[in-house]
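Trainee: Could you help me learn to read a protein structure, one feature at a time?
Mentor: Gladly. Let us open it and start.

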Amino acid sequence: MPVRQRRTFPRVLGALLLVTAAGLSCAAAAPTARATTADRSAAPDVRPLGQIVPAPASVSPGGAPYAITAATRIRVDEDSRESRAVGDYLAGLLRPSTGHPLPVVDEGEARGGILLRLSARDRALGDEGYRLQSGRGGITLTAHRPAGLFRGVQTLRQQLPAAVEKDTVQPGPWKVAGGSITDTPRYAYRGAMLDVSRHFFTVDQVKRYIDQLALYKVNKLHLHLSDDQGWRIAIDSWPRLATYGGSTQVGGGPGGYYTKDDYKEIVRYAASRHQEVVPEIDLPGHTNAALASYAELNCDGVAPPLYTGTSVGFSSLCVPKPVTYDFVDDVIREIAALTPGEYLHIGGDEAHSTAHADYVAFMEKVQPIVTKYGKTVVGWHQLTGATPAKGALAQYWGLDRTSDAEKAQVARAARNGTGLILSPADRVYLDMKYTKDTKLGLAWAGYVEVQRSYDWNPAAYLPGAPAEAVKGVEAPLWTETISEDAHIDQMAFPRLPGVAELGWSPAATHDWETYKVRLAAQGPRFEALGIDYYRSPQVPWPAR
(Lines give C-alpha, C1' and ligand atoms only; values in the text may rest on other atoms or scores of the structure.)
Protein backbone atom coordinates (compact mmCIF):
# COMPACT_ATOMS: atom_id res chain seq x y z
CA MET A 1 0.00 0.00 0.00
CA PRO A 2 1.51 3.37 -0.97
CA VAL A 3 2.30 5.81 1.79
CA ARG A 4 -0.32 8.56 1.90
CA GLN A 5 1.26 11.81 0.82
CA ARG A 6 0.21 14.95 -0.99
CA ARG A 7 1.31 15.36 -4.58
CA THR A 8 0.82 18.50 -6.64
CA PHE A 9 2.00 19.47 -10.10
CA PRO A 10 5.29 21.40 -9.97
CA ARG A 11 6.64 22.77 -13.24
CA VAL A 12 8.95 19.98 -14.32
CA LEU A 13 10.62 18.82 -17.45
CA GLY A 14 11.03 15.10 -17.04
CA ALA A 15 8.33 12.65 -17.99
CA LEU A 16 8.98 10.64 -14.84
CA LEU A 17 8.13 13.58 -12.58
CA LEU A 18 5.05 14.30 -14.66
CA VAL A 19 3.83 10.78 -14.06
CA THR A 20 4.33 11.35 -10.36
CA ALA A 21 2.49 14.64 -10.66
CA ALA A 22 -0.47 12.80 -12.11
CA GLY A 23 -0.81 11.18 -8.73
CA LEU A 24 0.74 7.83 -9.47
CA SER A 25 2.92 6.54 -6.67
CA CYS A 26 5.88 4.26 -7.24
CA ALA A 27 3.77 1.39 -6.02
CA ALA A 28 0.95 2.21 -8.44
CA ALA A 29 2.76 3.77 -11.36
CA ALA A 30 1.19 4.36 -14.75
CA PRO A 31 1.64 1.40 -17.06
CA THR A 32 4.41 1.74 -19.58
CA ALA A 33 3.71 1.67 -23.28
CA ARG A 34 4.71 -2.01 -23.27
CA ALA A 35 2.31 -2.77 -20.44
CA THR A 36 -0.61 -1.11 -22.21
CA THR A 37 -0.27 -3.48 -25.13
CA ALA A 38 -0.65 -6.50 -22.88
CA ASP A 39 -3.79 -8.62 -22.83
CA ARG A 40 -6.65 -6.84 -21.10
CA SER A 41 -7.20 -9.72 -18.73
CA ALA A 42 -4.05 -8.55 -16.98
CA ALA A 43 -5.55 -5.10 -16.26
CA PRO A 44 -5.50 -4.27 -12.54
CA ASP A 45 -8.73 -4.27 -10.54
CA VAL A 46 -7.98 -0.73 -9.38
CA ARG A 47 -6.95 2.04 -11.76
CA PRO A 48 -4.21 4.21 -10.21
CA LEU A 49 -5.70 7.40 -8.85
CA GLY A 50 -5.52 10.25 -11.35
CA GLN A 51 -4.75 8.12 -14.41
CA ILE A 52 -7.56 9.77 -16.36
CA VAL A 53 -8.17 12.35 -19.09
CA PRO A 54 -8.02 15.30 -18.54
CA ALA A 55 -5.23 15.03 -15.98
CA PRO A 56 -6.31 16.36 -12.55
CA ALA A 57 -4.62 19.36 -10.98
CA SER A 58 -3.63 17.66 -7.72
CA VAL A 59 -3.65 14.00 -6.72
CA SER A 60 -2.80 12.42 -3.33
CA PRO A 61 -2.97 8.63 -3.65
CA GLY A 62 -3.11 6.39 -0.59
CA GLY A 63 -5.24 4.15 1.52
CA ALA A 64 -7.57 1.31 0.66
CA PRO A 65 -9.89 1.50 -2.36
CA TYR A 66 -13.64 1.80 -2.15
CA ALA A 67 -15.70 -0.98 -3.72
CA ILE A 68 -19.15 -0.23 -5.16
CA THR A 69 -21.48 -3.07 -4.16
CA ALA A 70 -25.17 -3.88 -3.99
CA ALA A 71 -25.23 -2.09 -0.63
CA THR A 72 -23.89 1.22 -2.01
CA ARG A 73 -26.10 4.26 -1.71
CA ILE A 74 -25.64 7.54 -3.57
CA ARG A 75 -26.18 10.22 -0.95
CA VAL A 76 -27.02 13.81 -1.86
CA ASP A 77 -27.66 17.08 -0.06
CA GLU A 78 -31.13 17.19 1.37
CA ASP A 79 -33.42 19.65 -0.45
CA SER A 80 -30.82 20.24 -3.18
CA ARG A 81 -32.39 19.67 -6.56
CA GLU A 82 -29.03 20.22 -8.25
CA SER A 83 -27.08 17.59 -6.32
CA ARG A 84 -29.96 15.13 -6.65
CA ALA A 85 -29.91 15.62 -10.43
CA VAL A 86 -26.20 14.79 -10.50
CA GLY A 87 -26.85 11.82 -8.22
CA ASP A 88 -29.55 10.53 -10.56
CA TYR A 89 -27.17 10.97 -13.50
CA LEU A 90 -24.46 8.99 -11.69
CA ALA A 91 -26.88 6.23 -10.77
CA GLY A 92 -28.01 6.07 -14.40
CA LEU A 93 -24.40 5.59 -15.49
CA LEU A 94 -23.59 2.86 -12.98
CA ARG A 95 -26.73 0.74 -12.73
CA PRO A 96 -26.71 -0.99 -16.14
CA SER A 97 -23.16 -2.37 -15.87
CA THR A 98 -22.94 -3.04 -12.14
CA GLY A 99 -26.44 -4.45 -11.79
CA HIS A 100 -26.67 -2.73 -8.40
CA PRO A 101 -29.76 -0.71 -7.36
CA LEU A 102 -27.74 2.33 -6.18
CA PRO A 103 -30.64 4.29 -4.69
CA VAL A 104 -30.24 8.06 -4.52
CA VAL A 105 -31.06 9.12 -0.96
CA ASP A 106 -30.72 12.18 1.28
CA GLU A 107 -27.38 12.45 3.03
CA GLY A 108 -28.77 11.65 6.48
CA GLU A 109 -30.54 8.47 5.42
CA ALA A 110 -27.39 6.36 5.14
CA ARG A 111 -23.69 6.24 5.91
CA GLY A 112 -20.75 5.55 3.63
CA GLY A 113 -21.48 4.95 -0.01
CA ILE A 114 -20.98 7.81 -2.48
CA LEU A 115 -21.70 11.26 -1.07
CA LEU A 116 -22.26 14.23 -3.39
CA ARG A 117 -21.96 17.44 -1.40
CA LEU A 118 -22.30 21.11 -2.34
CA SER A 119 -20.27 23.34 -0.05
CA ALA A 120 -20.73 27.09 0.11
CA ARG A 121 -17.44 27.34 2.01
CA ASP A 122 -15.30 25.81 -0.76
CA ARG A 123 -15.21 28.92 -2.94
CA ALA A 124 -11.68 28.10 -4.08
CA LEU A 125 -13.15 25.26 -6.15
CA GLY A 126 -14.94 27.83 -8.29
CA ASP A 127 -17.81 27.01 -10.61
CA GLU A 128 -16.42 23.73 -11.93
CA GLY A 129 -13.84 22.47 -9.47
CA TYR A 130 -14.34 19.49 -7.17
CA ARG A 131 -12.64 17.41 -4.50
CA LEU A 132 -12.83 13.62 -4.58
CA GLN A 133 -11.92 11.63 -1.46
CA SER A 134 -11.93 7.84 -1.65
CA GLY A 135 -11.30 5.23 1.01
CA ARG A 136 -12.56 1.93 2.30
CA GLY A 137 -15.59 3.54 3.95
CA GLY A 138 -16.85 5.45 0.91
CA ILE A 139 -16.36 8.24 -1.59
CA THR A 140 -17.10 11.92 -1.04
CA LEU A 141 -17.38 14.36 -3.93
CA THR A 142 -17.41 18.00 -2.82
CA ALA A 143 -17.98 21.02 -5.05
CA HIS A 144 -18.91 24.68 -4.69
CA ARG A 145 -21.34 24.53 -7.63
CA PRO A 146 -23.39 21.75 -9.27
CA ALA A 147 -21.19 21.82 -12.38
CA GLY A 148 -18.26 20.89 -10.16
CA LEU A 149 -20.12 17.85 -8.86
CA PHE A 150 -20.82 16.84 -12.43
CA ARG A 151 -17.16 17.21 -13.44
CA GLY A 152 -16.19 15.16 -10.40
CA VAL A 153 -18.57 12.41 -11.48
CA GLN A 154 -16.66 12.17 -14.77
CA THR A 155 -13.46 11.63 -12.79
CA LEU A 156 -15.12 8.99 -10.62
CA ARG A 157 -16.45 7.31 -13.76
CA GLN A 158 -13.00 7.12 -15.34
CA GLN A 159 -11.48 5.69 -12.15
CA LEU A 160 -13.74 2.66 -12.62
CA PRO A 161 -13.02 -0.11 -15.15
CA ALA A 162 -14.01 0.67 -18.72
CA ALA A 163 -16.71 -1.99 -18.58
CA VAL A 164 -18.72 0.39 -16.39
CA GLU A 165 -19.74 2.12 -19.63
CA LYS A 166 -21.55 -0.94 -20.99
CA ASP A 167 -25.33 -1.22 -20.93
CA THR A 168 -25.44 -4.83 -19.74
CA VAL A 169 -24.40 -6.32 -16.41
CA GLN A 170 -20.65 -6.91 -16.16
CA PRO A 171 -18.73 -8.94 -13.55
CA GLY A 172 -16.77 -6.12 -11.91
CA PRO A 173 -15.28 -5.60 -9.33
CA TRP A 174 -16.03 -1.87 -9.19
CA LYS A 175 -13.21 -0.34 -7.16
CA VAL A 176 -12.00 3.25 -6.90
CA ALA A 177 -8.44 3.76 -5.68
CA GLY A 178 -7.94 5.36 -2.29
CA GLY A 179 -6.75 8.92 -1.88
CA SER A 180 -7.90 12.38 -2.87
CA ILE A 181 -8.07 14.58 -5.96
CA THR A 182 -8.52 18.34 -5.92
CA ASP A 183 -9.21 19.67 -9.37
CA THR A 184 -10.12 22.95 -11.07
CA PRO A 185 -10.00 23.89 -14.77
CA ARG A 186 -7.25 25.88 -16.42
CA TYR A 187 -9.68 27.69 -18.75
CA ALA A 188 -13.34 28.59 -18.30
CA TYR A 189 -14.10 28.06 -22.00
CA ARG A 190 -13.55 24.47 -23.21
CA GLY A 191 -15.52 23.91 -26.35
CA ALA A 192 -16.32 21.62 -29.24
CA MET A 193 -18.06 22.75 -32.41
CA LEU A 194 -20.35 20.60 -34.52
CA ASP A 195 -21.13 21.84 -38.01
CA VAL A 196 -24.75 20.81 -38.67
CA SER A 197 -24.97 22.93 -41.83
CA ARG A 198 -22.78 21.06 -44.33
CA HIS A 199 -24.50 17.86 -43.19
CA PHE A 200 -27.51 17.87 -40.90
CA PHE A 201 -27.48 15.89 -37.64
CA THR A 202 -30.63 15.02 -35.73
CA VAL A 203 -31.39 15.96 -32.14
CA ASP A 204 -30.50 12.43 -31.00
CA GLN A 205 -27.18 12.56 -32.84
CA VAL A 206 -26.33 15.87 -31.20
CA LYS A 207 -27.27 14.41 -27.80
CA ARG A 208 -24.90 11.51 -28.41
CA TYR A 209 -22.08 13.97 -29.06
CA ILE A 210 -23.01 15.95 -25.94
CA ASP A 211 -22.63 12.79 -23.86
CA GLN A 212 -19.23 12.09 -25.39
CA LEU A 213 -18.09 15.64 -24.64
CA ALA A 214 -19.29 15.38 -21.05
CA LEU A 215 -16.89 12.54 -20.27
CA TYR A 216 -13.95 14.86 -20.95
CA LYS A 217 -15.30 17.90 -19.08
CA VAL A 218 -16.07 19.99 -22.18
CA ASN A 219 -18.46 22.77 -21.20
CA LYS A 220 -19.35 24.55 -24.47
CA LEU A 221 -21.19 23.07 -27.45
CA HIS A 222 -20.82 25.41 -30.41
CA LEU A 223 -23.45 24.66 -33.08
CA HIS A 224 -22.72 26.00 -36.56
CA LEU A 225 -26.34 26.52 -37.56
CA SER A 226 -26.09 28.24 -40.92
CA ASP A 227 -23.89 28.16 -43.98
CA ASP A 228 -24.05 28.14 -47.75
CA GLN A 229 -25.30 24.55 -47.80
CA GLY A 230 -28.08 24.75 -45.22
CA TRP A 231 -29.97 26.80 -42.64
CA ARG A 232 -30.74 24.63 -39.61
CA ILE A 233 -32.88 26.61 -37.14
CA ALA A 234 -36.50 27.72 -37.52
CA ILE A 235 -36.98 31.50 -37.50
CA ASP A 236 -40.65 32.46 -37.22
CA SER A 237 -40.23 35.85 -38.86
CA TRP A 238 -38.34 34.37 -41.84
CA PRO A 239 -39.81 30.86 -42.19
CA ARG A 240 -38.29 29.99 -45.60
CA LEU A 241 -34.82 30.05 -44.05
CA ALA A 242 -35.50 26.62 -42.57
CA THR A 243 -38.14 25.14 -44.87
CA TYR A 244 -36.31 26.05 -48.08
CA GLY A 245 -32.79 27.01 -47.02
CA GLY A 246 -32.61 23.90 -44.85
CA SER A 247 -33.84 21.51 -47.54
CA THR A 248 -30.46 20.29 -48.75
CA GLN A 249 -26.85 19.68 -47.71
CA VAL A 250 -23.45 18.82 -49.19
CA GLY A 251 -23.94 16.32 -51.98
CA GLY A 252 -27.64 17.13 -52.33
CA GLY A 253 -29.11 15.10 -49.50
CA PRO A 254 -32.40 16.00 -47.80
CA GLY A 255 -30.90 18.32 -45.19
CA GLY A 256 -33.17 19.20 -42.32
CA TYR A 257 -33.61 21.79 -39.59
CA TYR A 258 -34.40 22.12 -35.91
CA THR A 259 -37.78 23.41 -34.87
CA LYS A 260 -37.67 25.73 -31.92
CA ASP A 261 -38.75 22.84 -29.70
CA ASP A 262 -35.91 20.72 -31.12
CA TYR A 263 -33.41 23.43 -30.35
CA LYS A 264 -34.82 23.88 -26.84
CA GLU A 265 -34.40 20.14 -26.28
CA ILE A 266 -30.74 20.31 -27.34
CA VAL A 267 -30.21 23.26 -24.99
CA ARG A 268 -31.99 21.42 -22.16
CA TYR A 269 -30.01 18.24 -22.67
CA ALA A 270 -26.72 20.10 -22.86
CA ALA A 271 -27.60 21.92 -19.63
CA SER A 272 -28.26 18.57 -17.94
CA ARG A 273 -24.61 17.76 -18.78
CA HIS A 274 -23.54 21.24 -17.63
CA GLN A 275 -22.73 22.38 -21.16
CA GLU A 276 -23.67 25.73 -22.62
CA VAL A 277 -24.87 25.88 -26.22
CA VAL A 278 -23.19 28.59 -28.31
CA PRO A 279 -25.29 29.09 -31.46
CA GLU A 280 -23.61 30.41 -34.58
CA ILE A 281 -25.20 32.24 -37.49
CA ASP A 282 -22.34 32.89 -39.90
CA LEU A 283 -22.45 36.45 -41.30
CA PRO A 284 -22.04 38.24 -43.71
CA GLY A 285 -20.51 35.45 -45.82
CA HIS A 286 -21.39 31.74 -45.77
CA THR A 287 -24.98 32.89 -46.36
CA ASN A 288 -26.10 31.27 -49.64
CA ALA A 289 -28.87 29.29 -47.92
CA ALA A 290 -30.36 32.55 -46.64
CA LEU A 291 -29.83 34.36 -49.94
CA ALA A 292 -31.56 31.52 -51.80
CA SER A 293 -34.48 31.68 -49.40
CA TYR A 294 -35.15 35.44 -49.67
CA ALA A 295 -34.36 37.34 -52.85
CA GLU A 296 -34.52 40.70 -51.06
CA LEU A 297 -31.35 39.87 -49.12
CA ASN A 298 -29.40 40.01 -52.39
CA CYS A 299 -28.16 43.34 -53.74
CA ASP A 300 -29.65 42.56 -57.18
CA GLY A 301 -32.90 41.20 -55.75
CA VAL A 302 -32.33 37.82 -57.40
CA ALA A 303 -32.14 34.68 -55.28
CA PRO A 304 -29.33 32.28 -56.21
CA PRO A 305 -29.98 28.53 -56.37
CA LEU A 306 -29.42 26.33 -53.37
CA TYR A 307 -25.85 25.13 -53.05
CA THR A 308 -24.59 21.61 -52.35
CA GLY A 309 -20.87 21.96 -53.00
CA THR A 310 -17.98 22.71 -50.66
CA SER A 311 -16.41 25.93 -51.98
CA VAL A 312 -16.27 28.93 -49.67
CA GLY A 313 -16.14 32.72 -49.92
CA PHE A 314 -18.61 33.31 -52.75
CA SER A 315 -21.68 34.55 -50.84
CA SER A 316 -22.46 37.78 -49.01
CA LEU A 317 -25.42 39.57 -47.52
CA CYS A 318 -26.10 42.97 -49.12
CA VAL A 319 -24.45 45.31 -46.64
CA PRO A 320 -26.04 48.61 -47.85
CA LYS A 321 -29.65 47.36 -47.74
CA PRO A 322 -31.69 48.24 -44.62
CA VAL A 323 -33.56 44.94 -44.93
CA THR A 324 -30.31 43.14 -44.17
CA TYR A 325 -30.33 44.52 -40.64
CA ASP A 326 -34.03 43.80 -40.17
CA PHE A 327 -33.16 40.23 -41.06
CA VAL A 328 -30.16 40.06 -38.72
CA ASP A 329 -32.11 41.65 -35.87
CA ASP A 330 -34.97 39.17 -36.22
CA VAL A 331 -32.67 36.15 -36.39
CA ILE A 332 -30.52 37.20 -33.43
CA ARG A 333 -33.59 38.18 -31.37
CA GLU A 334 -35.28 34.81 -31.88
CA ILE A 335 -32.15 32.73 -31.28
CA ALA A 336 -31.13 34.77 -28.23
CA ALA A 337 -34.57 34.20 -26.73
CA LEU A 338 -34.06 30.42 -27.08
CA THR A 339 -30.51 30.41 -25.72
CA PRO A 340 -29.92 30.87 -21.98
CA GLY A 341 -26.13 30.88 -22.36
CA GLU A 342 -23.90 33.93 -22.47
CA TYR A 343 -22.60 33.74 -26.03
CA LEU A 344 -23.89 34.19 -29.58
CA HIS A 345 -21.49 33.54 -32.45
CA ILE A 346 -21.82 35.72 -35.57
CA GLY A 347 -19.17 34.00 -37.71
CA GLY A 348 -17.38 36.59 -39.83
CA ASP A 349 -14.88 34.30 -41.57
CA GLU A 350 -14.08 33.94 -45.26
CA ALA A 351 -16.24 36.90 -46.31
CA HIS A 352 -14.25 37.16 -49.52
CA SER A 353 -17.20 38.55 -51.48
CA THR A 354 -17.70 41.40 -49.02
CA ALA A 355 -15.54 44.49 -49.54
CA HIS A 356 -13.42 45.28 -46.49
CA ALA A 357 -15.17 48.62 -45.91
CA ASP A 358 -18.53 46.88 -46.13
CA TYR A 359 -17.34 44.19 -43.72
CA VAL A 360 -16.31 46.80 -41.16
CA ALA A 361 -19.61 48.68 -41.58
CA PHE A 362 -21.57 45.43 -41.23
CA MET A 363 -19.85 44.42 -38.01
CA GLU A 364 -20.31 47.92 -36.57
CA LYS A 365 -24.07 47.50 -37.02
CA VAL A 366 -24.44 43.81 -36.12
CA GLN A 367 -22.40 43.56 -32.91
CA PRO A 368 -24.66 46.03 -31.04
CA ILE A 369 -27.65 43.88 -32.03
CA VAL A 370 -26.11 40.92 -30.21
CA THR A 371 -25.49 43.10 -27.17
CA LYS A 372 -29.04 44.48 -27.33
CA TYR A 373 -30.42 40.99 -26.85
CA GLY A 374 -28.22 40.27 -23.86
CA LYS A 375 -25.50 38.15 -25.42
CA THR A 376 -21.73 38.38 -25.70
CA VAL A 377 -20.33 38.50 -29.24
CA VAL A 378 -18.15 35.66 -30.49
CA GLY A 379 -16.71 35.75 -34.00
CA TRP A 380 -14.03 34.01 -36.00
CA HIS A 381 -10.76 35.89 -35.77
CA GLN A 382 -11.43 37.89 -38.94
CA LEU A 383 -13.67 39.96 -36.64
CA THR A 384 -10.46 41.66 -35.49
CA GLY A 385 -10.25 43.24 -38.96
CA ALA A 386 -13.12 45.41 -37.74
CA THR A 387 -13.44 46.68 -34.16
CA PRO A 388 -14.58 43.89 -31.83
CA ALA A 389 -17.27 44.90 -29.35
CA LYS A 390 -16.30 45.35 -25.72
CA GLY A 391 -16.06 41.90 -24.11
CA ALA A 392 -16.15 40.08 -27.46
CA LEU A 393 -14.27 36.84 -28.06
CA ALA A 394 -12.35 36.18 -31.26
CA GLN A 395 -12.00 32.53 -32.24
CA TYR A 396 -8.59 32.07 -33.85
CA TRP A 397 -8.43 29.33 -36.47
CA GLY A 398 -5.19 30.28 -38.22
CA LEU A 399 -2.30 27.96 -39.02
CA ASP A 400 1.41 27.97 -38.38
CA ARG A 401 1.72 29.35 -41.90
CA THR A 402 -0.85 32.14 -41.38
CA SER A 403 0.74 35.47 -42.28
CA ASP A 404 2.55 37.42 -39.61
CA ALA A 405 0.33 40.42 -40.40
CA GLU A 406 -2.85 38.46 -39.69
CA LYS A 407 -1.43 37.03 -36.47
CA ALA A 408 -0.33 40.51 -35.41
CA GLN A 409 -3.83 41.86 -36.05
CA VAL A 410 -5.35 39.26 -33.74
CA ALA A 411 -2.66 39.76 -31.11
CA ARG A 412 -3.21 43.52 -31.19
CA ALA A 413 -6.92 43.02 -30.56
CA ALA A 414 -6.06 40.70 -27.69
CA ARG A 415 -3.81 43.35 -26.14
CA ASN A 416 -6.70 45.79 -26.47
CA GLY A 417 -9.06 43.60 -24.48
CA THR A 418 -10.55 41.09 -26.93
CA GLY A 419 -10.55 37.59 -25.49
CA LEU A 420 -9.30 34.67 -27.54
CA ILE A 421 -10.62 31.17 -28.09
CA LEU A 422 -7.89 29.13 -29.76
CA SER A 423 -8.85 26.69 -32.52
CA PRO A 424 -5.77 26.53 -34.77
CA ALA A 425 -6.86 24.52 -37.79
CA ASP A 426 -3.61 22.60 -38.13
CA ARG A 427 -3.87 21.52 -34.50
CA VAL A 428 -7.48 21.04 -33.44
CA TYR A 429 -9.73 21.01 -36.51
CA LEU A 430 -11.18 17.54 -36.08
CA ASP A 431 -12.11 17.29 -39.75
CA MET A 432 -8.48 17.32 -40.86
CA LYS A 433 -7.13 13.97 -42.01
CA TYR A 434 -4.77 12.18 -39.65
CA THR A 435 -2.57 11.02 -42.54
CA LYS A 436 -2.74 10.90 -46.33
CA ASP A 437 -4.48 7.52 -46.01
CA THR A 438 -7.37 8.77 -43.85
CA LYS A 439 -10.60 8.12 -45.78
CA LEU A 440 -12.62 10.96 -44.28
CA GLY A 441 -11.79 14.60 -43.81
CA LEU A 442 -9.89 17.32 -45.62
CA ALA A 443 -6.21 18.27 -45.73
CA TRP A 444 -6.08 21.98 -46.58
CA ALA A 445 -4.58 22.69 -43.15
CA GLY A 446 -2.27 19.67 -43.37
CA TYR A 447 -2.38 16.30 -41.68
CA VAL A 448 -3.14 16.38 -37.95
CA GLU A 449 -2.12 13.26 -36.07
CA VAL A 450 -2.92 12.80 -32.38
CA GLN A 451 0.39 14.10 -31.06
CA ARG A 452 0.17 17.27 -33.14
CA SER A 453 -3.36 17.98 -31.91
CA TYR A 454 -2.20 17.68 -28.29
CA ASP A 455 1.35 18.96 -28.23
CA TRP A 456 1.02 22.75 -28.05
CA ASN A 457 0.50 25.36 -25.35
CA PRO A 458 -2.51 27.69 -25.71
CA ALA A 459 -1.01 30.35 -23.46
CA ALA A 460 2.08 30.74 -25.66
CA TYR A 461 0.61 29.88 -29.04
CA LEU A 462 -0.09 33.26 -30.65
CA PRO A 463 2.93 35.61 -30.73
CA GLY A 464 2.25 38.94 -29.09
CA ALA A 465 -1.02 37.89 -27.46
CA PRO A 466 -0.95 38.09 -23.65
CA ALA A 467 -1.55 34.77 -21.93
CA GLU A 468 -4.40 36.26 -19.92
CA ALA A 469 -6.28 37.06 -23.16
CA VAL A 470 -6.67 33.34 -23.86
CA LYS A 471 -10.06 32.33 -22.49
CA GLY A 472 -10.00 28.77 -23.72
CA VAL A 473 -9.79 26.30 -26.56
CA GLU A 474 -12.28 24.71 -28.91
CA ALA A 475 -12.15 21.74 -31.27
CA PRO A 476 -14.30 22.36 -34.38
CA LEU A 477 -15.67 19.49 -36.46
CA TRP A 478 -16.64 20.69 -39.93
CA THR A 479 -18.76 18.23 -41.83
CA GLU A 480 -18.09 18.45 -45.57
CA THR A 481 -17.20 14.72 -45.43
CA ILE A 482 -18.93 13.84 -42.16
CA SER A 483 -22.52 12.59 -42.37
CA GLU A 484 -23.07 9.95 -39.68
CA ASP A 485 -22.18 9.02 -36.10
CA ALA A 486 -19.39 6.67 -37.15
CA HIS A 487 -17.73 9.53 -39.03
CA ILE A 488 -17.88 11.77 -35.95
CA ASP A 489 -16.34 8.97 -33.90
CA GLN A 490 -13.45 8.42 -36.31
CA MET A 491 -12.51 12.08 -36.59
CA ALA A 492 -13.16 13.28 -33.03
CA PHE A 493 -11.62 10.32 -31.24
CA PRO A 494 -8.94 10.15 -30.04
CA ARG A 495 -8.09 13.83 -30.75
CA LEU A 496 -10.96 15.42 -28.82
CA PRO A 497 -9.84 14.19 -25.35
CA GLY A 498 -6.45 15.81 -25.89
CA VAL A 499 -7.96 19.18 -26.73
CA ALA A 500 -10.18 18.83 -23.67
CA GLU A 501 -7.07 18.23 -21.58
CA LEU A 502 -5.43 21.37 -22.99
CA GLY A 503 -8.45 23.30 -21.76
CA TRP A 504 -8.79 21.68 -18.35
CA SER A 505 -5.43 20.54 -17.01
CA PRO A 506 -2.59 22.66 -15.58
CA ALA A 507 0.19 23.47 -18.04
CA ALA A 508 2.65 21.58 -15.83
CA THR A 509 0.90 18.28 -16.63
CA HIS A 510 1.43 18.72 -20.33
CA ASP A 511 3.66 15.93 -21.62
CA TRP A 512 3.03 13.76 -24.67
CA GLU A 513 4.91 10.72 -23.36
CA THR A 514 2.74 10.41 -20.26
CA TYR A 515 -0.43 11.59 -21.96
CA LYS A 516 -0.32 8.94 -24.66
CA VAL A 517 -0.30 6.24 -21.97
CA ARG A 518 -3.36 7.72 -20.28
CA LEU A 519 -5.01 8.10 -23.68
CA ALA A 520 -4.28 4.48 -24.55
CA ALA A 521 -6.15 3.45 -21.41
CA GLN A 522 -9.21 5.23 -22.85
CA GLY A 523 -9.35 2.78 -25.77
CA PRO A 524 -11.40 0.12 -23.95
CA ARG A 525 -13.70 2.89 -22.68
CA PHE A 526 -14.28 4.13 -26.22
CA GLU A 527 -15.16 0.59 -27.25
CA ALA A 528 -17.50 0.07 -24.30
CA LEU A 529 -19.29 3.29 -25.28
CA GLY A 530 -19.60 2.18 -28.90
CA ILE A 531 -17.19 4.85 -30.18
CA ASP A 532 -15.52 3.66 -33.38
CA TYR A 533 -12.25 5.52 -32.83
CA TYR A 534 -9.14 5.84 -34.98
CA ARG A 535 -6.38 3.62 -33.63
CA SER A 536 -3.51 6.00 -34.18
CA PRO A 537 -0.13 4.23 -34.35
CA GLN A 538 1.25 7.02 -32.17
CA VAL A 539 -0.71 5.67 -29.18
CA PRO A 540 0.13 2.34 -27.41
CA TRP A 541 -3.43 0.99 -27.43
CA PRO A 542 -4.22 -2.22 -25.53
CA ALA A 543 -4.36 -5.30 -27.71
CA ARG A 544 -7.84 -6.28 -28.79
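**Reading the structure together**

Mentor: 10 of the 10 residues of α15 are buried, so α15 is largely enclosed by the rest of the structure. Buried means under 20% relative accessible area, exposed means over 50%, and partly exposed lies in between (1.4 Å probe, protein chains only). Helices (H or I, at least four residues) and strands (E, at least two) are DSSP runs, numbered from the N terminus. This is a predicted model, in which local features need pLDDT of at least 70 and side-chain atom pairs count only at pLDDT 80 or more, while totals for chains, interfaces and linings use all residues. Residues are numbered from 1 along each chain as its sequence is written, and side-chain values use heavy atoms, with hydrogens and water left out.

Trainee: Which residues of α15 are buried?
Mentor: Among them are Arg495, Pro497, Glu501 and Trp504. In general, an α-helix has 3.6 residues a turn, so residues three or four places apart point the same way.

Trainee: How do I read a nonpolar core?
Mentor: Think of a set of buried Ala, Val, Leu, Ile, Met, Phe, Trp, Tyr and Cys residues joined through side-chain atoms within 4.5 Å. Here the largest nonpolar core has 102 residues, and Tyr209, Trp231, Tyr258 and Phe327 have the most contacts inside it. The element that gives the most to this core is α9, with 8 residues. There is also a second, separate core of 33 residues, which includes Leu49, Leu102, Trp174 and Trp504.

Trainee: Which residues does Tyr258 touch?
Mentor: Contact means heavy atoms within 4.5 Å. Not counting residues up to four places away in sequence, Tyr258 touches several residues, including Phe200, Phe201, Leu225, Arg232 and Ile266.

Trainee: Is Val164 buried or exposed?
Mentor: Val164 counts as buried, at 2% relative accessibility. Val164 lies in the loop between α4 and β9. Leaving out residues up to four places away in sequence, Val164 touches Leu93, Leu94, Ser97, Arg157, Trp174 and Arg525. The C-alpha atoms of Val164 and Leu93 are separated by 7.8 Å, although the two residues are 71 residues apart along the chain.

Trainee: And Lys220: buried or exposed?
Mentor: Lys220 counts as buried at 8% relative accessibility. Lys220 is found in strand β12 (residues 220–224). Setting aside neighbours within four places in sequence, the contacts of Lys220 include Tyr189, Arg190, Glu276 and Tyr343.

Trainee: How is a pocket found?
Mentor: On a 1 Å grid over the protein atoms alone, a pocket is an open set of points with protein on both sides within 12 Å along at least five of seven lines, and lining residues have an atom within 4 Å of a point. Grid points are joined across faces, edges and corners, and a volume is the space filled by probe spheres set on the points. The second largest pocket holds about 320 Å³ of space. Its lining has 15 residues, of which Leu93, Arg157, Glu165, Asp211 and Leu529 lie nearest the centre. The elements giving two or more residues to this lining are α3 (81–98) and α5 (203–215). With 4 residues, α3 gives the most.

Trainee: How many residues of that lining are charged?
Mentor: The lining divides into 6 nonpolar, 2 polar and 7 charged residues. For this count, Ala, Val, Leu, Ile, Met, Phe, Trp, Tyr, Cys and Pro are nonpolar, Asp, Glu, Lys and Arg are charged, and the others, Gly among them, are polar.

Trainee: What counts as a disulfide?
Mentor: A disulfide is a pair of cysteine sulfur atoms within 2.5 Å. The count here comes to 1 disulfide, which joins Cys299 to Cys318 with an S to S distance of 2.0 Å. Cys299 and Cys318 are 19 residues apart, in the loop between α8 (288–293) and α9 (322–338).

Trainee: Why is the disulfide called right-handed?
Mentor: The torsion about the S-S bond of Cys299 and Cys318 is about 100°, so the disulfide is right-handed. Cys299 is exposed, with a relative accessible area of 56%, whereas Cys318 is buried at 3%.

Technical notes:
On a 1 Å grid over the protein atoms alone, a cavity is a set of points where a 1.4 Å probe fits but cannot get out, and a pocket is an open set with protein on both sides within 12 Å along at least five of seven lines; lining residues have an atom within 4 Å of a point.
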